[in-house]
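The report below describes a protein model through its chain contacts, its sheets and a few local features of the backbone. Please keep the sequence and the structure at hand while reading.

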Amino acid sequence: MTVFHSSFSIQSDRRPTFEDVTDRVVESMRTSGIKEGILLVYSQHTTCSVMIQEASDDVNYWGTDLMMQDLVNVLEKIIPTCRTEGQYLHPGPKHIIAGSGRNEEAWWSLNTDAHLRSVLMGRSVSIPIINSEVVLGEFGRIYFADFDQVRARQRTVRIQIVGE
Amino acid sequence: MTVFHSSFSIQSDRRPTFEDVTDRVVESMRTSGIKEGILLVYSQHTTCSVMIQEASDDVNYWGTDLMMQDLVNVLEKIIPTCRTEGQYLHPGPKHIIAGSGRNEEAWWSLNTDAHLRSVLMGRSVSIPIINSEVVLGEFGRIYFADFDQVRARQRTVRIQIVGE
Amino acid sequence: MTVFHSSFSIQSDRRPTFEDVTDRVVESMRTSGIKEGILLVYSQHTTCSVMIQEASDDVNYWGTDLMMQDLVNVLEKIIPTCRTEGQYLHPGPKHIIAGSGRNEEAWWSLNTDAHLRSVLMGRSVSIPIINSEVVLGEFGRIYFADFDQVRARQRTVRIQIVGE
């Protein structure tokens, strides 16, 4: 029985960013040598998610899969993009002061929508590894999502495998 | 330490299908001989989910648990059933052409609602096994959900256990 | 390779209760001696969830983190608080009779909103343990949530770790 870990970086944009990370996950599984087990794809960022979904084939003018844009449109209805302070309760005054102590601009915290979208969609997926295959079915692809729209940033995706 | 895998099939219907798979999961745990560990119940289909919830006792005329029908009613408000192309961005023209190459009918792809509901609800549950028990509390039941309303299909549910 | 389990209790309130359990999770990891693996934080209750999110610093008059109150406000829009029977399909008559046989008051079952919020938000989080660290990033905190608003109760949070 072995535990294997790897990670890689994603460059996000100033709109909801979706990146297909399937090939990098499968590559990690191969590197690990683990043939049977549970594989966790995990985002440590509180405005990000990891999801499994079918690829759309078609993309919009921004290069976003149409299915993922449909998802953003649904999320926009229930958790609208934060456009100014006061739209959501968070961030409050103590949060802004704490951020200021870390040399953060106040507007960096106007991403409450992204925090809420992340917690609703979940931060990881767990996938069985069976006979050296990451079991995704015929159409399943693994997407890393960054819902933060206030800043473009480098993000970390982690893969943890327990198995043999 | 052992990794154990089993799977079984579910026949879905042309409405959101919920099937209580708790007994089959517990049976798998017993077959595995694993007494302490983590158990993953996983759907490899991109319009399906796995969830834990209380049984309703009551069902509607279709045989659906009232709690699950309440869930469908909530989902219908935020992700309405797809009734025609153009209601959602997906499927776009390339997706229809790709499906055509696999001898799929175009209307098979009018299940964008099911894809979005699946990704919102999640594709798996992880449950601790403690002292040879799948820990669900007094009322927890494990449900497989197929949100696809365009076709009735055979679906696969996978159980993966890592433990000892 | 080891499997480690621990649990602790949370006292919930008659409003959505959010409790930061990060320190207790980290303490469990230390007690386990496991340095690399997958850690599962799990709620066995069908009206509860476990989530990872940033701390708000600010709280409202009830002591609830502003971010969590923003989440409750979003959930209230899509799954309104259940105020009387008939608002949701569940609980139906058989469920009330079954509860009566367990000496439950009928109004205890008017928590359909909490069941639906729990299943939407998920019942557990899986987190990698890397080099003896529960990997949460700079800002991630682990919250236990009890969405049940009809009764204050003692709740159990379980931690299961598989690793070495």
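A salt bridge is counted here when a side-chain nitrogen of Lys or Arg lies within 4 Å of a carboxyl oxygen of Asp or Glu. The model is predicted, so that local features need pLDDT of at least 70 and side-chain atom pairs count only at pLDDT 80 or more, while totals for chains, interfaces and linings use all residues. Residues are numbered from 1 along each chain as its sequence is written, chains are lettered from A and ligands numbered from 1 in the order in which they are written, and side-chain values use heavy atoms, with hydrogens and water left out.

**Chain A and its elements**

Chain A contains 4 helices and 8 strands, where helices (H or I, at least four residues) and strands (E, at least two) are DSSP runs numbered from the N terminus. Read from the N terminus, the elements of chain A follow the order β-β-α-β-β-α-α-α-β-β-β-β. Along the principal axes, the C-alpha atoms of chain A fill a box of roughly 50 × 35 × 20 Å.

Over all chains, the structure holds 27 salt bridges. One of them joins A:D20 and A:R141, whose closest N and O atoms are 2.8 Å apart. Because A:D20 lies in strand β2 (residues 17–20) of chain A and A:R141 in strand β7 (residues 140–146) of chain A, the pair ties together parts that are 121 residues apart in sequence. Side chains of opposite charge can pair when their charged atoms come close.

**Contacts between the chains**

Two chain pairs are set out in the table. Contact means heavy atoms within 4.5 Å, and buried area is the accessible area (1.4 Å probe) that two parts lose on being put together, summed over both. A polar contact is a pair of N or O atoms within 3.5 Å; within protein, one must be able to donate a hydrogen and the other to accept it, and residues adjacent in sequence count only if both atoms are side-chain atoms.

| Chain pair | Residues in contact | Buried area | Salt bridges | Residue pairs in polar contact (both at pLDDT 80 or more) |
|---|---|---|---|---|
| chain A and chain B | 37 residues of chain A, 35 residues of chain B | about 2900 Å² | 0 salt bridges | 15 residue pairs |
| chain B and chain C | 37 residues from chain B, 35 residues from chain C | about 2900 Å² | 0 salt bridges | 15 residue pairs |

Between chain A and chain B, carbon and sulfur atoms give 66% of the buried area. On the side of chain A that touches chain B, the elements giving two or more residues are β3 (37–43), β4 (48–54), α2 (66–78), α4 (112–121), β5 (124–130) and β8 (154–163) of chain A. The largest share of this side, 9 residues, comes from α2(A). By class, the side of chain A that touches chain B divides into 20 nonpolar, 9 polar and 8 charged residues, with Ala, Val, Leu, Ile, Met, Phe, Trp, Tyr, Cys and Pro counted as nonpolar, Asp, Glu, Lys and Arg as charged, and the others, Gly among them, as polar.

For chain B and chain C, 66% of the buried area is on carbon and sulfur atoms. On the side of chain B that touches chain C, α2(B) supplies the largest share, with 9 residues.

**Sheets in chains B and C**

In chain B, 3 strands form an open antiparallel sheet in the order β2-β7-β4, strands being paired if DSSP finds at least two bridges between them. Strands β2 (17–20) and β4 of chain B stand at the edges with a single partner strand each, so one side of each is left without a neighbour in the sheet. The twist averages 30 degrees from one strand to the next, where axes are lines fitted to C-alpha atoms, for helices over the stretch in contact, and angles run from 0 to 180 degrees between N-to-C directions. Strand β2(B) is joined to β7 (residues 140–146) of chain B by 4 bridges in the antiparallel sense, and B:D20 stands opposite B:Y143 in β7(B).

In chain C, an open sheet of 5 strands has the order β1-β8-β3-β5-β6, with antiparallel pairing. Its edges are β1 (2–11) and β6 (133–134) of chain C, each with a single partner strand, so one side of each lacks a neighbour in the sheet. Strand β5 (residues 124–130) of chain C pairs with β6(C) over 2 bridges, and C:E133 in β6(C) is the bridge partner of C:I130. Helix α1 (residues 22–32) of chain C lies across β1, β3 (37–43), β5, β6 and β8 (154–163) of chain C, and runs at about 150 degrees to β1(C).

**Backbone features**

Most residues other than glycine have a negative phi, and most peptide bonds are trans. A cis peptide bond joins B:H90 and B:P91, with omega about 0 degrees, and B:P91 is found in the loop between α2 and α3 (93–101) of chain B. In chain C, the peptide bond from C:H90 to C:P91 is cis, with omega near 0 degrees. B:N103, a residue other than glycine, has a positive phi near 60 degrees and is placed in the loop between α3 and α4 of chain B.
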